[in-house]
Amino acid sequence: MTNLDIVSIVNVGMLIRKPVAEVFQAFVDPTITTKFWFTKSNGRLEKGKRIRWDWEMYGVSAELEVKEVEQDKRILIQFDDDTTAEWLFTPRESEGTFVEIKNYGFKGNSSEIVNQVVDSTGGYTIVLCGLKAWLEHNVVLNLVADKFPDANV
């Protein structure tokens, strides 16, 4: 394993002060996920399904395959660019749920991989912050849309 292999794994996490079932549902049910991440989806995350997520404000989308869904524990998806994202949900007694997101499989030269890791780390951190605001306080922060206001179409 090279140093680049070690640093090319995104790993972000956040404590969400809600029960694990509610936090898990927020990622598999697009009617909830659209409150804090993408704007449109063609379906729920279920093992074996092909899903498309849209960020209509930017005119971009992502295609993915759902590899694994373990109720209230884990979600594993693979994007069409061959990167993989994994969510782990750990119940914390009387505190809520710790959500950890890992993203890996980046391609390119060293500089390109580092840039993808930095972008992905920031992106998934924003997603977790938006999730926390939505589930804990019922507030839509528009973090994803406001991250790049000049890129809105």
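Visitor: Why is Phe89 called buried?
Guide: In this predicted model, Phe89 has a relative accessible area of 4%. Buried means under 20%, so Phe89 counts as buried.

Visitor: And what makes Phe24 buried or exposed?
Guide: Use the cut-off again: buried means under 20% relative accessible area. Phe24 comes in at 1%, so Phe24 is buried.

Visitor: How many aromatic pairs does a search of the whole structure find?
Guide: The search finds 16 aromatic pairs. One of them joins Phe24 and Phe89.

Visitor: What makes Phe24 and Phe89 an aromatic pair, and which kind?
Guide: Two steps settle that. Ring centres must lie within 6.5 Å, and here they are 5.1 Å apart. Planes over 60 degrees apart count as edge-to-face, and these two stand at 70°, so the pair is edge-to-face. The partners come from distant parts of the chain, with Phe24 in helix α2 (residues 20–28) and Phe89 in strand β6, 65 residues apart.

Visitor: Why is the pair of Phe27 and Trp87 called tilted?
Guide: Their centres are 5.7 Å apart, and their planes meet at 45°.

Visitor: Which aromatic cluster do Phe24 and Phe27 belong to?
Guide: Phe24 and Phe27 are in one cluster whose members include Phe89, Trp87, Trp37, Trp55 and Tyr124.

Visitor: Which residues are closest to the centre of the largest pocket?
Guide: This pocket has a volume of about 810 Å³. Of its 26 lining residues, Trp37, Trp55, Asp119, Ser120 and Gly123 are the closest to the centre. The largest share of the lining, nine residues, comes from α4. By type, the lining divides into 14 nonpolar, seven polar and five charged residues.

Visitor: Let's look at the loops. Why is Asn138 called exposed?
Guide: Exposed means over 50%. Asn138 has a relative accessible area of 55%, so Asn138 is exposed. Asn138 sits in the loop between α4 (110–137) and α5 (143–147), and has a positive phi of about 55° although it is not a glycine.

Visitor: Why does Asp82 count as partly exposed?
Guide: The value for Asp82 is 42%. Asp82 is not a glycine, yet has a positive phi of about 75°.

Methods
Residues numbered from 1 in each chain as written. Predicted model: local features only at pLDDT ≥ 70, side-chain atom pairs only at ≥ 80, totals over all residues. Heavy atoms only, no water. Buried < 20%, exposed > 50% of the residue type's maximum accessible area, 1.4 Å probe, protein only. Helix = DSSP H or I, 4+ residues; strand = E, 2+ residues; numbered from the N terminus. Phe/Tyr/Trp six-rings, centres within 6.5 Å; stacked < 30°, edge-to-face > 60°. 1 Å grid on protein atoms, 1.4 Å probe; cavity = no way out; pocket = protein on both sides within 12 Å on 5 of 7 lines; lining within 4 Å. Points joined across faces, edges and corners; volume = space filled by probe spheres on them. Nonpolar A, V, L, I, M, F, W, Y, C, P; charged D, E, K, R; others polar.
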